[in-house]
Amino acid sequence: MTKPLLGGMEGVFIPVKDPKLSAKWYEEKLGLTLNYIEEEAAVMNISAASQTVICLVRTLDYQPMKFPDNNFGVGKYYNFISNGDIEETYQLLCEKNVNVNDIGGEGNTKYFTFYDLDGNPLGVCQ
């Protein structure tokens with residue numbers, strides 16, 4: 001077997017209207033930690049254990065992310081892994097007044113979509 005060329009994901013880039021407001025939302029609602037901020041972008045750490053960062057980038061003509069129509073049922077670009085029980089994660093987001101869709105899936109595979117401050121669809125899976 002050959003060695004993979006890639007070793008992980010360094011960053012995820014999400015378009016936003018205002019990095020400062022979005023960073024506050026991601027911190028309060030999702031528990032991410034602000035690493036760096038400027039007028040055009042905010043870099044957030046998912047957790048101390050994750051090497052992947054979330055970069056909230058101000059876009060000039062903002063449009064929420066929209067995944068192209070498909071027959072596979074995918075409607076978002078990014079799925080986060082639940083840090084524990086997905087039902088608990090779902091309930092906590094609901095309690096924080098985050099717009100969330102119902103939990104789907106069966107057996108050990110469960111998932112749901114939620115929306116950030118700017119209406120970007122994001123997912124959680126287990």
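Reply: The model is a predicted one. Its largest pocket holds about 660 Å³ of space. The lining of that pocket has 22 residues, and those closest to its centre are Leu30, Ile81, Ser82, Asn83 and Thr89.

Me: What makes a residue part of the lining of a pocket?

Reply: A lining residue has an atom within 4 Å of a grid point of the pocket. In the largest pocket, α1 (19-30), β5 (79-81) and α2 (86-95) each supply at least two such residues. Helix α2 gives the largest share, four residues.

Me: How many residues in the lining of the largest pocket are nonpolar, polar and charged?

Reply: That lining has 10 nonpolar, eight polar and four charged residues.

Me: What is known of the second largest pocket, and which residues are closest to its centre?

Reply: About 200 Å³ of space lies in the second largest pocket. It is lined by 14 residues, of which Gly73, Val74, Lys76, Asn79 and Tyr111 are the closest to the centre. Strand β8 (residues 109-115) contributes the most to this lining, with four residues. By class, the lining has six nonpolar, six polar and two charged residues.

Me: Which strands form the open sheet, and in what order?

Reply: The order of the four strands is β1-β4-β3-β2, with mixed pairing. β1 (11-16) and β2 (33-37) are edge strands because each has a single partner strand, so one side of each lacks a neighbour in the sheet. From one strand to the next, the twist averages 25°.

Me: How do you know that β1 and β4 are paired?

Reply: Two strands pair if at least two bridges are found between them. Strand β4 (residues 53-58) and β1 have six bridges, in the parallel sense, and therefore meet that condition. Val16 stands opposite Arg58 in β4.

Me: Why is strand β9 called mostly covered?

Reply: A residue is buried when its relative accessible area is under 20%. Four of the five residues of β9 (residues 121-125) are buried, so the strand is described as mostly covered.

Me: Which strands pair with β9, and in what sense?

Reply: β5 runs parallel to β9, joined to it by three bridges, and Ile81 stands opposite Cys125 in β9. β8 pairs with β9 in the antiparallel sense over five bridges, with Tyr115 opposite Pro121. β8 and β9 also form a hairpin with five residues between them, and Gly119 in the turn has a positive phi of about 85°.

How values were computed: Residues numbered from 1 in each chain as written. Predicted model: local features only at pLDDT ≥ 70, side-chain atom pairs only at ≥ 80, totals over all residues. Heavy atoms only, no water. 1 Å grid on protein atoms, 1.4 Å probe; cavity = no way out; pocket = protein on both sides within 12 Å on 5 of 7 lines; lining within 4 Å. Points joined across faces, edges and corners; volume = space filled by probe spheres on them. Nonpolar A, V, L, I, M, F, W, Y, C, P; charged D, E, K, R; others polar. Axes fitted to C-alpha atoms, helices over the stretch in contact; angles between N-to-C directions. Buried < 20%, exposed > 50% of the residue type's maximum accessible area, 1.4 Å probe, protein only.
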